[in-house]
Amino acid sequence: MSLDPVRSAQKQQSFDGLIPHSALSRLAEMALPEGRVEVTLACDRDEQNLAVLRAQIRTQLQLECQRCNHPFVEDIELDVTFSPVRDDEAAEQLPAGYEPVMLSDADDVNIHQLIEDEVLLAVPFAPMHDEASCEQSSHMSWGEIDEAAEEKPNPFAVLSKLKNSEE
């Protein structure tokens, strides 16, 4: 699905929709069966007369806990403000808080790809259950360091003696 964000901003159009996970091929590995992405898009002009596309994105993904290796469901909720640009220079000049979105040659944006990109960026680097609901406890241990462990001989001390004897 394509959208011309500049023309839509002039008309102040808004859209609500559901995108099935099956339509987003890169999310297929994490997709819940029969899952979907709920999307609300609002096109408008800001105070600087920039075209903006405000997106509210909601979905659930099935991720694998990196602590216990069991699957769990993660809620993804995003509020993102995009502004269409034609080049990197224009992208760098956007106000803080605006995400640049490159226009195609036809001056439109592939909405499915844009939404899929944002959901993928929101997936945690190392997803984990809450510690209370995870089957695997944390492997962290707290306590004092054994002073005897600090006084172990340096394994390279022998090399130092050899080097000094050669001189």
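Q: What makes D87, D88, E89 and E92 a patch of negative charge on the surface?
A: Asp and Glu count as negative, Lys and Arg as positive, with His and the chain ends not counted. A patch takes residues with over 30% relative accessible area and no salt bridge, joining like charges within 9 Å and nonpolar side chains (Val, Leu, Ile, Met, Phe, Trp, Tyr) within 5 Å. The place of a charge is CG of Asp, CD of Glu, NZ of Lys or CZ of Arg. D87, D88, E89 and E92 gather in such a patch. This is a predicted model, where local features need pLDDT of at least 70 and side-chain atom pairs pLDDT 80 or more, while totals for chains, interfaces and linings use all residues. Residues are numbered from 1 along each chain as its sequence is written, and side-chain values use heavy atoms, leaving out hydrogens and water.

Q: Why is E89 called exposed?
A: Exposed means over 50% relative accessible area, buried under 20%, and partly exposed in between, with a 1.4 Å probe and protein chains only. E89 has 55%, so exposed is the word. E89 lies in helix α2, residues 88-92; helices are DSSP runs of H or I with at least four residues, strands are runs of E with at least two, and both are numbered from the N terminus.

Q: How many helices and strands does the protein chain have, and in what order do the elements run?
A: The secondary structure comes to five helices and seven strands. From the N terminus on, the elements go β-α-β-β-β-β-α-β-β-α-α-α.

Q: What makes a nonpolar core, and which residues have the most contacts inside the largest one?
A: A core is a set of buried Ala, Val, Leu, Ile, Met, Phe, Trp, Tyr and Cys residues joined through side-chain atoms within 4.5 Å. The largest one here has 32 residues, and L53, L61 and I115 have the most contacts inside it. The elements giving two or more residues to this core are β3 (36-45), β4 (51-64), β5 (71-85) and α3 (111-122). Of these, β4 gives the most, with six residues. As background, nonpolar side chains in soluble globular proteins tend to be buried together.

Q: How do you know that I57 is buried?
A: I57 has 0% relative accessibility, which is under the cut-off for buried, so I57 counts as buried. For the chain as a whole, buried residues make up 31% of the 167 residues.

Q: Why do R26 and E116 count as a salt bridge?
A: A salt bridge needs a side-chain nitrogen of Lys or Arg within 4 Å of a carboxyl oxygen of Asp or Glu. The closest N and O atoms of R26 and E116 are 3.3 Å apart, so the pair qualifies. The pair links distant parts of the chain, with R26 in the loop between β2 (14-20) and β3, and E116 in helix α3, 90 residues apart. R26, E116 and D117 are also linked in a network of salt bridges.

Q: Are R26 and E116 buried or exposed, or in between?
A: R26 is at 42%, so R26 is partly exposed. E116 is at 6%, so E116 counts as buried.

Q: What makes D79 and R58 a salt bridge?
A: Their closest N and O atoms are 3.2 Å apart, which is within the cut-off, so this is a salt bridge. D79 is in strand β5 and R58 in strand β4, 21 residues apart. At 58%, D79 is exposed, whereas R58, at 25%, counts as partly exposed.

Q: How do you know that D4 and R7 form a salt bridge?
A: The closest N and O atoms are 3.9 Å apart, still within the cut-off, so the pair counts. D4 has a relative accessible area of 22%, so D4 is partly exposed. A search of the whole structure finds four salt bridges.

Q: Why is F156 called exposed?
A: F156 is at 55% relative accessibility, so F156 counts as exposed. F156 is in the loop between α4 (147-150) and α5 (157-166). With V158, L159 and L162, F156 forms a nonpolar patch on the surface, with about 420 Å² of accessible area together; such areas come from the Shrake-Rupley method with a 1.4 Å probe, and for residues only the protein chains shown count as cover.
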